[in-house]
Amino acid sequence: MALTRNDLITIRQYLLGQLGEEGQQDIEQRLLREDDLFQELEIAEEELIDEYVDQALSTAERKQFESYFLSTSERESKLEFATALHRYLSKKTVEKDATERSVSPSELTWLERVQTAWTRQTQLVRVALFAAAAVIIVGAFWLVRPHRYAPQSYATVTLTMSTSDRAAGGQATKVKLPLGADALRIEMKLPEALDQAARYRVELLKDTGETRSIERVGQYDESVVVEIPAIQLARGQYALNVYLVKSDQTEHRIKGSYLLTIE
């Protein structure tokens, strides 16, 4: 389904924290279901970063960008790269203007012509090296960034909280591989009512010591929901911890863990 103009406006408001509680929850649920909406979200993120670097945001939007949008390390890294690229291109524009305002080649001596040609060649090499570095950085970022996975089918498991933080014995809910579905949807019942004004983050701990932070968390009734692609699931014991992230970006871990064993 094609996105409407209102969808695009809502995405921008979501990224800047301008939506109310109901609107925030609605867009997060849609992001879990609609791949087109998620792709548009990524495009909107890049556009906001470009506008911030170009100082094209209003004063209010700039404050919301700094206080709300830059709440993840991934977005901070994107901003740093965009800022560095903007500074480099601005410097090259100044150098080009200065060169165009310089004397014509006919007014230079033979030695000055050789020096000018060498300087220009050096600048071309620098540009080429910077472009190559940019490609490498973008490529590496693409490899390590969390990619959007759009599963067509789900296996669902509902977990209740345990006072233990280890998936041992009968305390852990067991799931057998293969799933027979594209992804595992995990619903974690909260011991307290959902805070609609906040968002949630889930930390996934494997018995091997591997830890993974899941930022994209849905909220449903009295549960938080995460989706893990089947290809990322390995046999072993897992513990999931839930963190409440308030509007000022402070985090509060909800006591207890959700235990899962993949067999």
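A charge is said to sit over a ring if NZ of Lys or CZ of Arg is within 6 Å of the ring centre and within 35 degrees of the ring normal. The model is predicted, so local features need pLDDT of at least 70 and side-chain atom pairs count only at pLDDT 80 or more, while totals for chains, interfaces and linings use all residues. Residues are numbered from 1 along each chain as its sequence is written, and side-chain values use heavy atoms, with hydrogens and water left out.

**Exercise 1. Find the ring over which the charged end of Arg75 sits, and describe the aromatic pairs of the structure.**

Step 1. The charged end of Arg75 sits over the ring of Phe69, 4.5 Å from its centre. The charged end of Arg62 sits over the ring of Tyr52, at 4.0 Å from the centre of that ring.

Step 2. Rings of Phe, Tyr and Trp (its six-membered ring) pair if their centres lie within 6.5 Å, and planes under 30 degrees apart count as stacked, over 60 as edge-to-face and the rest as tilted. The structure holds two such aromatic pairs. In one of them, the ring centres of Tyr52 and Phe65 are 4.3 Å apart and the planes are at 15°, so this pair is stacked. The pair links distant parts of the chain, since Tyr52 belongs to helix α3 (residues 35-53) and Phe65 to helix α4 (residues 59-67), 13 residues apart. Phe65 also forms a stacked pair with Phe69, with 4.7 Å from centre to centre and 20° between the planes.

Step 3. Tyr52, Phe65 and Phe69 therefore belong to one aromatic cluster. Buried means under 20% relative accessible area, exposed over 50%, and partly exposed in between (1.4 Å probe, protein chains only). Tyr52, with a relative accessible area of 14%, is buried, Phe65 counts as buried at 0%, and Phe69 is buried as well.

**Exercise 2. Work out which strands pair with β8, and follow the contact of Arg199 with Gln249.**

Step 1. Nine of the ten residues of strand β8 (residues 236-245) are buried.

Step 2. Two strands pair if DSSP finds at least two bridges between them. Strand β4 (residues 199-206) runs antiparallel to β8 and is joined to it by eight bridges, while strand β10 (residues 258-262) pairs with β8 in the antiparallel sense over five bridges. Leu240 of β8 is the bridge partner of Leu204, and Leu240 also stands opposite Tyr258 in β10.

Step 3. Three bridges join β8 to the antiparallel strand β9 (residues 251-253), where His252 is the bridge partner of Leu244. β8 and β9 form a hairpin with five residues between them, and Gln249 in the turn has a positive phi of about 70°.

Step 4. Arg199 has its place in strand β4, and its side chain makes a polar contact with the side chain of Gln249 (3.3 Å). A polar contact is a pair of N or O atoms within 3.5 Å; within protein, one must be able to donate a hydrogen and the other to accept it, and residues adjacent in sequence count only if both atoms are side-chain atoms.

How values were computed. Helix = DSSP H or I, 4+ residues; strand = E, 2+ residues; numbered from the N terminus.
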